[in-house]
Amino acid sequence: MLSGVCARLASALRGTRAPPSAVALRCLHASSSRPSADKSERTEKPPRAFDQALLEFLVCPLSKKPLRYEASTNELINEELGIAYPIIDGIPNMIPQAARMIHQNKKQEEVEQH
């Protein structure tokens, strides 16, 4: 997607007489320095694993409590609040809006059983 935008930018710049902006030059340089990879090459890379040593430093941004790593779902869990933060390519997404509620499902299951 970025390479398509940069290609259009390059063709647009060729038609003008004004010198390209610094942003346009950086975009053109970035697109020419990277080898273009098709989708099959991108999917062959294994996802980066989460480094559990980070748990010593990471806390929930809402409660400031320590988090627990759940390998089966690849998430950081805050048991107190009942939320799970996703880990994408080895990087925890600690934005509260990206968190998933986990205790709500357990409460619904308890209600259904009674």
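In what follows, a residue is called buried under 20% relative accessible area, exposed over 50%, and partly exposed in between, with a 1.4 Å probe and protein chains only. By that definition Lys64, at 55% relative accessibility, counts as exposed.

Good morning, colleagues. The structure under discussion is a predicted model, in which local features need pLDDT of at least 70, side-chain atom pairs count only at pLDDT 80 or more, and totals for chains, interfaces and linings use all residues. Residues are numbered from 1 along each chain as its sequence is written, and side-chain values use heavy atoms, with hydrogens and water left out.

I begin with the overall architecture. The protein chain has 4 helices and 5 strands. Both kinds of element are DSSP runs, numbered from the N terminus: helices are H or I with at least four residues, strands are E with at least two. Read from the N terminus, the order of elements is α-α-α-β-β-β-β-β-α.

Of the 114 residues in the protein chain, 19% are buried. The accessible surface comes to about 9,000 Å², and carbon and sulfur atoms account for 57% of that area. These areas come from the Shrake-Rupley method with a 1.4 Å probe, and for residues only the protein chains shown count as cover. A contact here means heavy atoms within 4.5 Å. Among contacts between residues at least 6 apart in sequence, 24% join residues at least 24 apart.

Let me turn to the strands. Two strands are said to pair if DSSP finds at least two bridges between them. Strand S3, residues 83-88, is joined to S2 by 4 bridges, and the two run antiparallel. Within this pair, Glu75 has Pro86 in S3 as its bridge partner. The hairpin of S2 and S3 has 4 residues between the strands, and Gly82 there takes a positive phi near 75°.

S3 also pairs with strand S4, residues 91-92, in the antiparallel sense over 2 bridges. Ile87 stands opposite Pro92 in S4. This hairpin has 2 residues between the strands, with Asp89 at a positive phi near 55°. Finally, 2 bridges join S3 to strand S5, residues 100-101, again in an antiparallel arrangement. Ala84 has Arg100 in S5 as its bridge partner.

Next, the backbone angles. Most residues other than glycine have a negative phi, and most peptide bonds are trans. Lys64 has a positive phi, near 65°. Its place is the loop between helix H3 (39-44) and strand S1 (68-70). Asn74 likewise has a positive phi, near 55°, and lies in the loop between S1 and strand S2 (75-78). At 27% relative accessibility, Asn74 counts as partly exposed.

I come now to the charged side chains. How many salt bridges does the structure hold? There are 3, where a salt bridge is a side-chain nitrogen of Lys or Arg within 4 Å of a carboxyl oxygen of Asp or Glu.

Glu70 in strand S1 forms a salt bridge with Arg68, with the closest N and O atoms 2.7 Å apart. Glu70 is partly exposed at 23% relative accessible area, and Arg68 is partly exposed at 36%. Arg68 also meets Glu79 in a salt bridge, at 2.4 Å from N to O. That pair links distant parts of the chain: Glu79 is in the loop between S2 and S3, Arg68 is in strand S1, and the two are 11 residues apart. Glu79 is partly exposed, with a relative accessible area of 39%.

The remaining pair is Glu75 with Arg100, whose closest N and O atoms are 2.7 Å apart. Glu75 is buried, at a relative accessible area of 9%, whereas Arg100 counts as partly exposed at 35%. Salt bridges that share partners join Arg68, Glu70 and Glu79 into one network.

To close, I return to the surroundings of Glu70. Which residues does Glu70 touch, not counting those up to four places away in sequence? They are Glu75 and Ile77. The side chain of Glu70 also makes a polar contact with the side chain of Ser72, at 2.7 Å. A polar contact is a pair of N or O atoms within 3.5 Å; within protein, one must be able to donate a hydrogen and the other to accept it, and residues adjacent in sequence count only if both atoms are side-chain atoms. Thank you for your attention.
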